[in-house]
Number of protein chains: 2
Amino acid sequence: MTDVHFEKIALIGIGLIGSSIARDVKDQGLAGEIVISTRSADTLKRAEELELGDGYTLSAAEAVEGADLVIISVPVGASESVARQIASHLKPGAIVTDVGSTKASVIAQIAPHMPPGIHFVPGHPIAGTEKSGPDAGFCGLFKGRWCILTPLPGTDAGALTRLRAFWEALGSRVDEMDPQHHDKVLAIVSHLPHIIAYNIVGTADDLETVTESEVIKYSASGFRDFTRLAASDPTMWRDVCLHNRDAILEMLARFSEDLAYLQRAIRWGEGDKLFELFTRTRAIRRSIVEAGQDVDAPDFGRHALDEKKG
Amino acid sequence: MTDVHFEKIALIGIGLIGSSIARDVKDQGLAGEIVISTRSADTLKRAEELELGDGYTLSAAEAVEGADLVIISVPVGASESVARQIASHLKPGAIVTDVGSTKASVIAQIAPHMPPGIHFVPGHPIAGTEKSGPDAGFCGLFKGRWCILTPLPGTDAGALTRLRAFWEALGSRVDEMDPQHHDKVLAIVSHLPHIIAYNIVGTADDLETVTESEVIKYSASGFRDFTRLAASDPTMWRDVCLHNRDAILEMLARFSEDLAYLQRAIRWGEGDKLFELFTRTRAIRRSIVEAGQDVDAPDFGRHALDEKKG
């Protein structure tokens, strides 16, 4: 059995992801000590009120002293700054990982600063909600979700195995992938959907012919689905757009090309083309539900929640 | 009090909407008799197995004989065919309504066929799920949702009041609107979201660099949200696209213009423009939740369902 217990875990950043990790680690006793660090004094105070860790500090350098696992959970644009701050304070042999939604950029920001003898293993748990901050985290966020590790050439096998076992202890299934491929996959399954959702909500907000009150009242007819993703953390998503630019632009080009085809079919009344696409997409939904990656209940089960409400 | 009880209600079409109406009408005893008609013998048989009505017939003409309320719930492209079939069989003074997602086209298809003395009041309940067919309906689908009526000039006030009271009895809130305005509002809150969802799922399905299995495995990072709308009934949505063409093309043009702006901001690294949009869209989500048009639970409450599962 791989040892998934760490003497000291340092969490740099304590938002939705960091605080969910903290809760799971505590719940399962995976660490002798959890030390939390974040740039904002208010957030740090809140983490302490929520009793997410054992120690709290505004200094990332101080937090990582003596830690055998360091998890960086900050907006990807802040990765280099964190790496600079912690580099010379890391304990020899420590595992350093992150949870960023882009991998090539995060590696470029962190790897050059890691001293010899430190095991930097980039990671990305494919989990989250539209909420953010330390209050948004919860036990079990990673259960049944995939976590992608993108180890660099020459990564220590033992460190990789321990990190893998750590995520598995949190209920994740773990995949390994090339960072560039990760960034392409995430561009289509996550970044493009968020950008499209932000965009359509922006379009609706800007219309002169339809009022905002009408958009809100009638949103149950489809629009409201997009507003969930479009309520995600603005800083995180600004950084994702800036740090996975090429893959996102590639996917946006494909999306726009396909949309032009669809638009033309609508303009010229080509019902068969529309019907073909609308049938094909149904199968993908079924596969996602069968793979256990979404609930089968109609309307994401919202109706059940409405019922409970009264 | 307005009388919301009808001697005989004829339901033409018994899919998600028609069968939900049937269940509510039965549950609340709003009709002396419900007669159901649909083009498909299999669907009709299923409706009978589910005991959704009191009479069942493949003939729409037969179904409407003696009915004082006729509700047409078919794909909007089939409206004229239904109108032709029922026109000469309608009971004098009957109220005829529909539930179609486009209104100008449905009015153009139905109104010319309605004999004098028949009260045709077009309607559209803003409710549904991605499921279709008679099994997909349920009691309470319309509860708390808006229903838009688009009465024509000269509509009988009494008929309008009765139909309004009928929808209110099903738990709906009722709005009146000009048909052209309805079609613009729905183009942005419903038709564009569905088209965009279908499109992005199609784009992902077509990629060569990312496999379908990867799209499915990692879909919890955003993509899966779109697959729900993209699993909606293909016939219904083909017809919507063909029958609200101008308003949809207008909204698509606005969407694409906004997306080009966003794409350019990503290309040139203009983080402030991204941050501004991503912040603004958050407020709309909040308003929708406050208006009771979506659940407040993170991730549409999916996690709660996962928990229950195991």
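Predicted model: local features only at pLDDT ≥ 70, side-chain atom pairs only at ≥ 80, totals over all residues.
Chain A is superposed on chain B by a rotation of 180 degrees, with a shift of 0.0 Å along the rotation axis and an RMSD of 0.0 Å. The two copies are therefore related as by a two-fold rotation axis. Both copies use the same surface, since 100% of the contact residues of chain A recur in chain B.

In the interface itself, 114 residues of chain A are in contact with 114 residues of chain B. The two chains bury about 10800 Å² between them, and 65% of this area lies on carbon and sulfur atoms. On the side of chain A, the residues that lose the most area to chain B are Tyr218(A), Ile266(A) and Phe278(A), which together account for 7% of what that side buries.

Charged residues also take part in the interface. Side chains of opposite charge can pair when their charged atoms come close. Over all chains, the whole structure contains 52 salt bridges, and 18 salt bridges are found across the interface of chain A and chain B. One salt bridge joins the side chains of Arg280(B) and Asp206(A), with an N to O distance of 3.0 Å. Another salt bridge is formed by Glu208(A) and Arg254(B), whose closest N and O atoms are 3.1 Å apart. Glu208(A) is located in the loop between helix H7 (179–206) and helix H8 (212–217) of chain A, while Arg254(B) belongs to helix H11 of chain B, so this pair joins two chains.

Helix H11 of chain B also packs within its own chain. Two packed helices are described by the angle between their axes and the distance between the axes. For helix H7 (residues 179–206) and helix H11 (residues 245–267) of chain B, the angle is about 65 degrees and the axes are 9 Å apart. The crossing of H7(B) and H11(B) is right-handed. The residues that H7(B) brings to the contact include Ala187(B), Ile188(B), Leu192(B) and Ile195(B), and those of H11(B) include Ile248(B), Met251(B), Leu252(B) and Phe255(B). The residues of this contact comprise 10 nonpolar, one polar and three charged.

Definitions and conventions. Residues numbered from 1 in each chain as written. Chains lettered and ligands numbered in written order. Heavy atoms only, no water. Axes fitted to C-alpha atoms, helices over the stretch in contact; angles between N-to-C directions. Helix = DSSP H or I, 4+ residues; strand = E, 2+ residues; numbered from the N terminus. Left-handed = near helix turned anticlockwise from the far one by under 90°. Contact = heavy atoms within 4.5 Å. Nonpolar A, V, L, I, M, F, W, Y, C, P; charged D, E, K, R; others polar. Least-squares fit on C-alpha atoms with pLDDT ≥ 70 in both. Buried area = accessible area lost by both parts, 1.4 Å probe. Salt bridge = Lys/Arg side-chain N within 4 Å of Asp/Glu carboxyl O.
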